[in-house]
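Please read them alongside the coordinates.

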Amino acid sequence: MIENFYQTLDTVFNAALGAVWGPPAFAVTWALAKIVMVLVPLILFVLYFQLIERWVIGWMQVRRGPNRVTFFGIKWLGGVAQPIADALKLLMKEQIVPTGASKLLFLLAPALSVAPAMAVWAVVPFMPGWVVANADAGLLVVLAMTSMGVYGVIIAGWASNSKYAFLGAMRSAAQVVSYEIAMGFALVGGLMAAQTLNLTQMVARQDGAYGLAEWFFIPLFPLFIIHFIAGVAETNRHPFDVAEGESEIVAGPLVEYSGMTWSLFFLAEYANMLLVATISTIMFLGGWLSPFPKAVPILGEPCILWMLAKMFALMLMFVWIRASFPRYRYDQIMRLGWKIFIPITIVWIVVVGVMMLDPVRNWFPFSIWFGK
């Protein structure tokens, strides 16, 4: 029933608009509707996942999370309105631009961070056909758009005219570039296994009668782990948040920002976290496919709920890592990226290449993943 919802909307829009204004009006309006259906839940998730994160960390550290702000004073809704209160507070805060800053670039930097983080969702599928733009080179679009986000951080640090902001921006840029190489190599392994750049077809390559056993995380397990950890580093999340290490460098490239300009950077951060979880789900965890064999009634059927459950589980891993590990030193972070992750990914790409060769690909268990 859920799977037919998108097709039903398509039919309704086509009948209502196509007959009145013609195919061009239908195409434009339906594209705008799909964009809204993706962006609105994304922004709401980003808004409320911060609340979930604070609750979970509070539970893990045996303390209370947000539990005061309610809707209309209803006590059992304690904390539920906290994200709305935070958003209103940021809206009312003064937007301060330092005297010596480059005003245009200072205000442009948050937009350069958040725009790619939002635009990249155009090529992300949630079910077959549930995608704004089903690009054949979808993975390439993801890599191109996400790599642009670092420009916002660099420009923010430079335009602030502050040595602390500039040093934080340089540290962030070096870290992002380092881990983007490891993440790219990890995605190359997934690309080899899927033999396509189309994200929908990547999930289709993991479809079969055996359920979870056909997902790519099994033959590509080291690449899956490296991709996820590199994603934590790419998004400047703890314990890789040295660009914003308050004890070392104040708030890094964001030190001069306030109000909504400051919040846009964190909107981009949480959107990118969700994107890392989504790409990991699509490439390694079977996307919307069920972990149960297809022979199992109901549970064995593909469903968007499986996709959302996997994405949420990976997002909780971000929270668990933040609550459990101390911040690494900068030299430790760079050593991990250059001397450990990159060599492992290169070696495993060679291993994947061997597994895909004839006659190895037809041997069990390699035939489960590469014999299709």
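**Notes on salt bridges and cores**

1. Asp-86 is partly exposed, with a relative accessible area of 22%. The classes are buried (under 20% relative accessible area), exposed (over 50%) and partly exposed in between, with a 1.4 Å probe and protein chains only. A salt bridge here is a side-chain nitrogen of Lys or Arg within 4 Å of a carboxyl oxygen of Asp or Glu. Arg-54 lies in helix 2 and Asp-86 in helix 3 (residues 82–92), so the pair ties together parts that are 32 residues apart in sequence. Helices (H or I, at least four residues) are DSSP runs, numbered from the N terminus.

2. On the basis of the numbers: this is a predicted model, where local features need pLDDT of at least 70 and side-chain atom pairs count only at pLDDT 80 or more, while totals for chains, interfaces and linings use all residues. Residues are numbered from 1 along each chain as its sequence is written, and side-chain values use heavy atoms, leaving out hydrogens and water.

3. How many salt bridges are there by this rule? The count is seven. In one of them, Arg-322 meets Glu-53, with the closest N and O atoms 2.9 Å apart. Arg-322 is in helix 12 (residues 304–324) and Glu-53 in helix 2 (residues 23–60), so this pair links parts 269 residues apart in sequence. Glu-53 is buried at 2% relative accessibility. Arg-322 is partly exposed at 39%.

4. Asp-331 and Arg-335 also form a salt bridge (3.2 Å, N to O). They are four residues apart in helix 13 (residues 330–355), about one helical turn. Shared partners join Glu-53, Arg-237, Glu-269 and Arg-322 into one salt-bridge network.

5. The largest nonpolar core has 76 residues, and Trp-121, Phe-126, Tyr-179 and Phe-284 touch the most other members. Such a core is a set of buried Ala, Val, Leu, Ile, Met, Phe, Trp, Tyr and Cys residues joined through side-chain atoms within 4.5 Å. Helix 11 (residues 259–284) gives the most to this core, with 13 residues. A second, separate core of eight residues includes Ala-109, Ala-156, Tyr-257 and Phe-265.

6. Helix 5 (residues 138–146) has Gly-138, Leu-139 and Val-142 buried. They lie on the same side of helix 5, because they cover an arc of only 105 degrees around the axis, taken from the directions from the helix axis to the C-beta atoms.

Terms used:
Helices (H or I, at least four residues) and strands (E, at least two) are DSSP runs, numbered from the N terminus.
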